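Subject: Structure handover

Dear colleague,

Please find the structure below, with the sequence alongside. My notes on what was found in it follow.

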Amino acid sequence: MTGEKHKQDFALQKLTEYLARTGRRNTPERLEILEAARSLVTGFSVEELANAVAARGVRVSLATVYNAVELFVAAGILARYFGSRGALFEILPANRHHLVCLSCGKTKAVKDQSFSEVLRARHYSAFTASYFEMTVYGVCSACARKAKKTNINTRIKK
Ligand SMILES: [Zn+2]
């Protein structure tokens with residue numbers, strides 16, 4: 001799926017940017033851990049991620065997985081939240097925005113590269129942007145058609 005491809009490119013791009021910014025180099029272990037994190041769809045613990053890494057046939061210590069997770073959080077690749085099982089992590093979505101219909105409430109996720117470029121070019125003082133979520137409100141085509149029909153009908157009745 002192209003959606004998955006976008007998500008992959010986004011995470012890898014974030015990691016590369018962060019490592020360059022902080023003067024660190026990438027390691028094959030980190031890439032393996034990132035791949036394993038991406039294979040876990042929902043929120044996962046560090047232990048679950050370590051198991052996923054092991055399942056890929058990669059041998060890394062739990063400490064390495066912990067360090068990689070901290071780095072991914074700092075790089076804006078992973079979100080950390082606290083669930084009933086303690087700290088859980090999840091891959092952050094790629095930059096995207098939603099189109100919301102004011103009439104029927106239907107929501108559609110879309111990607112627009114130009115907005116990502118605007119964000120990348122921006123420099124906020126004392127803040128590093130990870131990703132954005134934007135909502136665009138309007139009227140979907142189905143509702144627009146319906147509204148047009150209703151207008152014609154009321155006009156005929158008069
Ligand atoms: Zn609608």
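Helices here are DSSP runs of H or I with at least four residues, strands are runs of E with at least two, and both are numbered from the N terminus. On that basis the protein has six helices and five strands. Please keep in mind that this is a predicted model. Read from the N terminus, the order of elements is α-α-α-α-β-β-β-β-α-β-α. The protein has 158 residues, of which 30% are buried. Of the contacts with a separation of 6 or more, 53% are between residues 24 or more positions apart.

Zinc site

Four cysteines supply the protein donors of the zinc ion: Cys101, Cys104, Cys140 and Cys143, each through SG and lying 2.3 Å from the ion. Along the chain these donors are spaced as C-x2-C-x35-C-x2-C. The angles among the four donor atoms run from 105 to 115 degrees, and the site is tetrahedral. For reference, the ideal angle for four tetrahedral donors is 109.5 degrees. Cysteine 140 and cysteine 143 are both buried.

Strand β3 covers residues 96-101 and contains histidine 98. Histidine 98 has a relative accessible area of 18%, so the residue counts as buried, the cut-off being under 20%. Apart from neighbours within four places in sequence, histidine 98 contacts Thr107, Lys108 and Ala109, and also Glu133, Met134, Thr135 and Val136.

Helix packing

On the α2 side the contact is made by Arg30, Ile33 and Leu34, and on the α4 side by Thr64, Val65, Ala68, Leu71 and Phe72. By class, six of the residues in this contact are nonpolar, one is polar and one is charged.

Valine 69 also belongs to helix α4. Its relative accessibility is 1%, so valine 69 is buried. Leaving out residues up to four places away in sequence, valine 69 touches Val46, Leu49, Leu78 and Phe89.

Loops

Two loop residues were also looked at. Serine 45 sits in the loop that joins α2 to α3, the latter being residues 46-55. With a relative accessible area of 11%, serine 45 is buried. Beyond its neighbours within four places in sequence, serine 45 is in contact with Ala87 and Leu88.

Is alanine 126 buried or exposed? Alanine 126 lies in the loop between α5 (113-121) and β5 (133-138), and at 87% relative accessibility this residue counts as exposed, the cut-off being over 50%. Alanine 126 has a positive phi of about 55 degrees, although the residue is not a glycine. Most residues other than glycine have a negative phi.

Regards

Note on methods:
Residues are numbered from 1 along each chain as its sequence is written. This is a predicted model: local features need pLDDT of at least 70, side-chain atom pairs count only at pLDDT 80 or more; totals for chains, interfaces and linings use all residues. Side-chain values use heavy atoms; hydrogens and water are left out. Donors are N, O and S atoms within 2.8 Å of the metal (3.2 Å for Na, K and Ca); water is not among the atoms, so sites may look incomplete. Four donors count as tetrahedral if all angles lie between 85 and 135 degrees; four count as square planar and six as octahedral if opposite donors are over 155 degrees apart and all others between 65 and 115; anything else is irregular. Buried means under 20% relative accessible area, exposed over 50%, partly exposed in between (1.4 Å probe, protein chains only). Contact means heavy atoms within 4.5 Å. Ala, Val, Leu, Ile, Met, Phe, Trp, Tyr, Cys and Pro count as nonpolar, Asp, Glu, Lys and Arg as charged, and the others, Gly among them, as polar.
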